[in-house]
Amino acid sequence: MGVSKFTQYQMILNSTPNTFIATTVDWTAKPNQNKTLGAWLGPGHPFGYTGRFPRVKKPLKPQIQSLTFSEPELGKQGHHHRAISRPTTAMVGPLVRALWSTTTRRSISTTSSASSSTSYYHLKPFLHARAAGISRSFSVAAATAAANAAAPGGALDPTRLRNVAVIAHVDHGKTTLMDRLLRQCGADIPHERALDSNQLEKERGITIASKITSISWKENELNMVDTPGHADFGGEVERVVGMVEGAILVVDAGEGPLAQTKFVLAKALRYGLRPILLLNKVDRPSVSEERCDEVESLVFDLFANLGATEEQLDFPVLYASAKEGWASSTFTQNPPDDTKNMSPLLDAIVKYVPPPTANLDEPFQMLVSMMAKDDYVGRILTGRITSGVVRINDRVHGLHGTDSGVVKIEEGKVVKLRKNRGMISYDVECAGAGDIISMAGLKSPSIGHTVANVEVMTTLPTVELDPPTISMTFGVNDSPLAGLDGSQLTGGKIGDRLLAEAETNLAINVIPGLAESYEVQGRGELQLGILLENMRRESFELSVSPPRVMYKFENGVKLEPIEEVTIEVNEEHVGLVMEALSHRRAEVTDMGPVPGNFGRSRMTLTCPSRGLVGYRSVFSSDTRGTGFMHRAFMAYEKYRGPLGNVRKGVLVSCARGTVTAYALMSLEPRGTLFVSPGVEAYDGMIVGEHSRDTDLDVNPVRNKELNNIRSAGRDENVKLSPPRRMTLEEAIGYVASDELIEVTPHNIRLRKRYLDANKRKTMSKRPKE
């Protein structure tokens, strides 16, 4: 059987004579040959596609000047390992990217940055007369655009750069939009929400950390930043908004602007950005053109209330369905098939987002906005280059501005420069002003510091972050069951882990305390819960205090953080929600029906942060899971007084041992149980919630006495209700001031701060703080 269709690719690299000058690959195959392509690329290559393709015995070597391949169309044969219906897009794209990355590494390793110029990589597809056209080729477009946009000094021309952040309220479609933009420009997306690479992000379906990538569009380089939507991770938005010149404000056309929309928009307007408004999810049946006009008016009012300038008020508006993968400059719910793409949005970015104002001739300066660690190259610093050009082996130093002047942190050499393109990361030899780059070579600088040439001794202005609102105390686990699950047990290891987290996340402050304890300050229980979850997965054991609100005192007046809360519930649940929030010192500022949703009400309230701690689980129970609640920090206001009764008492174990079903059978009428039979318990451990407001000491490990008296009941008749299992965030919001959370890799337990019952009685008589 012969070759039915094939495509030829040519790779041209302008570099030193020691690397490839021109490489053309011509590869023929028969459908029934079962070989591996990985052997052709050489051992250890990351590209590992396996199918029925021929094996080339010799791997690529630098001295090979010409090698060609042709690709058979095997989709119609049905004998190959993977079903390839369109071989030009499924097979040739990954092959060319693998060739590009392989030759890029070899050319960089054999080229001296002091004497040789930067290599430009041009990948051009040549279609055979019988071959069908290639729908897209990410590497081809990216490399061609990068070469065309290159400035004479080797860096990208700043006029062809666009730095854009995608900001929105939670669940309004930011990450899905990023997926569609990457696919529009030819990137291979392995799964939905591809930028959410963290394991917790995949499990919870939320964005926790900001992600930076780049795409090429019509000879322009677009650096895109995906940001979180939760208020607890607002620090991620604050530190990256200074890296960009434009923003895409994504608003759900059905829900309209919500609490976090106001927060992220205020940050963008403060830095002088002119956002592009993108009304997402317009394909829903409940969304009409009148509803979109209403949402646009609400967003305009929000701009005006936040003090936007005349230029910022004249924002462009686009309509999109990120799930379906299209955008439009006019309202439509079903555009023609030939226009179902993201081209209007990409064109709007190029048109409305200004290029960075940068000068390549000035000395190199960069403000560090993100930081990561690598096992091989050490600390990786990411930021936007403010001025100049940086090359590998350049001498740079880190600077930190203090009240007494500029302090030199460290001097070193740039050993690696990297950029993200699509879903891959690749090395470059130089980068210029206006571009977002990652560098390695310095060990001490962190977020907020300036990296510059050694002759520069001025720092760049740092990013101003909102203050933390709550704090928790992390300490060593001293319960009777300590050390059974984890391996990281000492206070020193806990402190090192927390200080390392504070270096990469500016929204978290760590203050060492007494007795190997550390006060951790953050934005909310979700943020600190994510930190605790990461630590327990790293085999840490620790005890955590309940969250405490951080107060302020101005002119003798006590101030507390106030948050703006947006709630949408069914009408029959409004009374329960209002009653619960009234005990938490909330005040209603607006209330009305939800447009397009009959029987739904939306309320806007202001509530102290301390009143919202632990309320989310109560809210879900009151609304039977049908309501949603969003919150965002608003301001510090006068203290509103003590909270009402927001929690019942607890059932406290007074003995150590294994919990028995016989004991729980008699305890179940007393309240709600947190444990099941077979679980280990100890003195002072909380095993349930009391039905009354006071605590009750119980014995959950009591066994049935064995005697020779016939019993009317038998153990087989014991029937217990399922226990209430708490997540880490629910436990953080549940515990009282005299209680602690015991966090281990396999268990989350609640306990009293003082395990001895007599000690608890003594301490309860002391006045509370």
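Me: As I get it, patches are made of residues with over 30% relative accessible area and no salt bridge, joining like charges within 9 Å and nonpolar side chains (Val, Leu, Ile, Met, Phe, Trp, Tyr) within 5 Å. Which residues make the nonpolar surface patch of about 240 Å² here?

Reply: That one is made by M578, V588 and M591. Areas come from the Shrake-Rupley method with a 1.4 Å probe, and for residues only the protein chains shown count as cover. Before we go on: this is a predicted model, where local features need pLDDT of at least 70 and side-chain atom pairs count only at pLDDT 80 or more, while totals for chains, interfaces and linings use all residues. Residues are numbered from 1 along each chain as its sequence is written, and side-chain values use heavy atoms, leaving out hydrogens and water.

Me: Where is M578 found?

Reply: Look in helix α13, residues 574–582. Helices (H or I, at least four residues) and strands (E, at least two) are DSSP runs, numbered from the N terminus. M578 counts as partly exposed because its relative accessibility is 30%; buried means under 20%, exposed over 50%, and partly exposed lies in between (1.4 Å probe, protein chains only).

Me: How do strands β18 and β19 pair?

Reply: Two strands pair if DSSP finds at least two bridges between them. Here β18 (residues 416–421) and β19 (residues 424–428) run antiparallel, with 5 bridges. N420 sits opposite S425 of β19. The two strands form a hairpin with 2 residues between them, and G422 in the turn has a positive phi of about 65°.

Me: Now charges. What does R421 form a salt bridge with?

Reply: Side chains of opposite charge can pair when their charged atoms come close. The rule for a salt bridge is a side-chain nitrogen of Lys or Arg within 4 Å of a carboxyl oxygen of Asp or Glu. R421 pairs with E221, their closest N and O atoms being 3.2 Å apart. This pair links distant parts of the chain, with R421 in β18 and E221 in β8 (residues 220–226), 200 residues apart. Both R421 and E221 are buried.

Me: Are the partners R751 and D478 buried or exposed?

Reply: Their side chains meet in a salt bridge at 2.7 Å, N to O. R751 is buried because its relative accessible area is 2%, whereas D478, at 53%, is exposed.

Me: And how many residues apart are E533 and R537?

Reply: They are 4 residues apart in helix α12 (residues 525–537), about one turn of the helix.
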